[in-house]
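Here is a friendly briefing to read alongside the model. Please keep the sequence and the 3D view open as you go.

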Amino acid sequence: MPSTSASWPKADVLQRLLLIAALWLLAASAFAAPRVAVATMQPGEVFFERFGHNAIVIADPATGAATSYNFGYFDPGESDFVGNFARGVMQYYLVALPLEQDLAQYRDSGRGVRLQWLDLPPEQAQALADSLAVRARPENARYRYDYFTANCSTQVRDALDAAMGGALKPQLAGRSRGNTYRSESVRLASPATWMWLGFDVGLGPASDLPMSRWEEGFIPMRLADSLREAKNAAGRPLVQAEAELLPHRIAAEPPEAPRRWWPWLIAGLAVAVAIALVGRRHPRVIAALALPFWLLCAIAGGLLVYLWGFSEHWAAWRNHNLLLLNPLCLLLLPGAIAVLRRRNPGRLFRGVPTAVALCALFAWFVQWLPFAFGYQYNQSWVALLLPIHLALAYVFKRPPHAG
């Protein structure tokens, strides 16, 4: 008897199989974990761009859209922004925006951007994407900013470590290249003279402790280097692939270079010898030169006192440069003006230059006692300023002649 069961043409069967496969792929893509990458931006030419930048990129496999989670935003128009900046209580916040939109400013300024795709397990990648989405909400986005321990790069580092269940930090915390907060800050700020001078003068002993690779992650380019060496949970390289998103069209990141103090000593000795030779015969000439020098020392010393005693800038506390840029120099200004006017500078003027010189001499002495005072790399400033303070004390140890 003929069969009563329906038979389907082969073409219909193939179409149905293709439809089922397409639906399965669509469902799988809907539940696929996002791809995670770190974007590293090279240093720029504006002072707040000197340290480079980075962001976490989350790519949606279903739509192909890439979102940049950028921790580097601040609002200069907020209430008391300048005061908060001076006190070290700044607020930054996280912003989520399309990657192409985030890249626009770097493209316009010629800053290179490189992307590192990370090999994270699906559950870790999804957890990171979810946590960033929640944190980017306006009520959660703000965070207390610190130049060295809570900046845009350390936020990226910490978010990755949290997503990896704390597996990133142990790989970096026990290793060091000997860099310090001071050496990295001075290096990256070196194209702007005023900026590297500010860092070198303003940072205290806490900035001269050797950093671990984990701490070094406050520099985005250093963090990118460390990610290249890190492993994921399966023991595979954490960085799966790298791609250049934008070429770097401006000056490259300053290279590492040894710091030498002897040129500063030569300059200090040359100035000191000139002061000693000219000073006793022409005190008014030296007073004219000493007046702006002492004023600069007094102002700089006052700023160091403020940073130590009245701000949250912990890296500037206990600064040994206070012994060289001495606020006592403020007491010397009336005496220098009196010498310029051919008047008696008074008794105070005789002892204060010696006191200032002795403080500078003590700055050299504490270099040999790091266990008691903490080690601070300020040999250059000691070499430059100590001879000058000693020479000025020598010239003005007795009341200068009225002529």
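## Strand pairing around E5

In strand E7, valine 239 is the bridge partner of leucine 118. This is a predicted model, in which local features need pLDDT of at least 70, side-chain atom pairs count only at pLDDT 80 or more, and totals for chains, interfaces and linings use all residues. Residues are numbered from 1 along each chain as its sequence is written, and side-chain values use heavy atoms, with hydrogens and water left out.

**Strands**

- E5 covers residues 113-118 and is mostly covered, with 5 of its 6 residues buried (buried means under 20% relative accessible area, exposed over 50%, partly exposed in between, with a 1.4 Å probe and protein chains only).
- E5 runs antiparallel to E7 (residues 239-246), and 6 bridges join them; two strands pair if DSSP finds at least two bridges between them.
- Strand E1 (residues 35-41) is also antiparallel to E5 and joined to it by 6 bridges, with alanine 39 having leucine 115 as its bridge partner in E5.

- Glutamine 116 sits in strand E5 and counts as buried at 1% relative accessibility.
- Leaving out residues up to four places away in sequence, glutamine 116 touches Val36, Ala37, Val38, Thr40, Ala224, Leu227, Arg228, Val239, Ala241 and Glu242 (contact means heavy atoms within 4.5 Å).
- Glutamine 155 belongs to helix H5 (residues 152-163) and, at 9% relative accessibility, is buried.
- The contacts of glutamine 155, not counting residues up to four places away in sequence, are Phe71, Arg135, Tyr143 and Ala150.
- Glutamate 216 is in the loop between helix H8 (193-202) and helix H9 (220-229), and is buried with a relative accessible area of 1%.
- Setting aside neighbours within four places in sequence, glutamate 216 contacts Arg177, Asn179, Met211 and Arg222.

**Nonpolar cores**

- The largest nonpolar core has 35 residues, and Trp294, Leu392 and Phe396 have the most contacts inside it (a core is a set of buried Ala, Val, Leu, Ile, Met, Phe, Trp, Tyr and Cys residues joined through side-chain atoms within 4.5 Å).
- At least two residues of this core come from each of helix H10 (262-279), helix H11 (283-310), helix H12 (333-340), helix H13 (348-365) and helix H15 (379-395).
- Another core lies apart from it, with 32 residues that include Phe71, Leu120, Leu227 and Leu238.
- In soluble globular proteins, nonpolar side chains tend to be buried together.

**Pocket and cavity**

- The second largest pocket has a volume of about 490 Å³; on a 1 Å grid over the protein atoms alone, a pocket is an open set of points with protein on both sides within 12 Å along at least five of seven lines, a cavity is a set where a 1.4 Å probe fits but cannot get out, and lining residues have an atom within 4 Å of a point.
- Grid points are joined across faces, edges and corners, and a volume is the space filled by probe spheres set on the points.
- Of the 21 residues lining this pocket, Ser183, Val186, Ala257, Pro258 and Arg259 are the closest to its centre.
- Helix H7 (residues 181-189) gives the most to that lining, with 5 residues.
- A search of the whole structure finds 1 cavity of 30 Å³ or more.
- The largest cavity is lined by His320, Val366, Gln367, Gly374, Tyr375 and Gln376.

Key:
Helix = DSSP H or I, 4+ residues; strand = E, 2+ residues; numbered from the N terminus.
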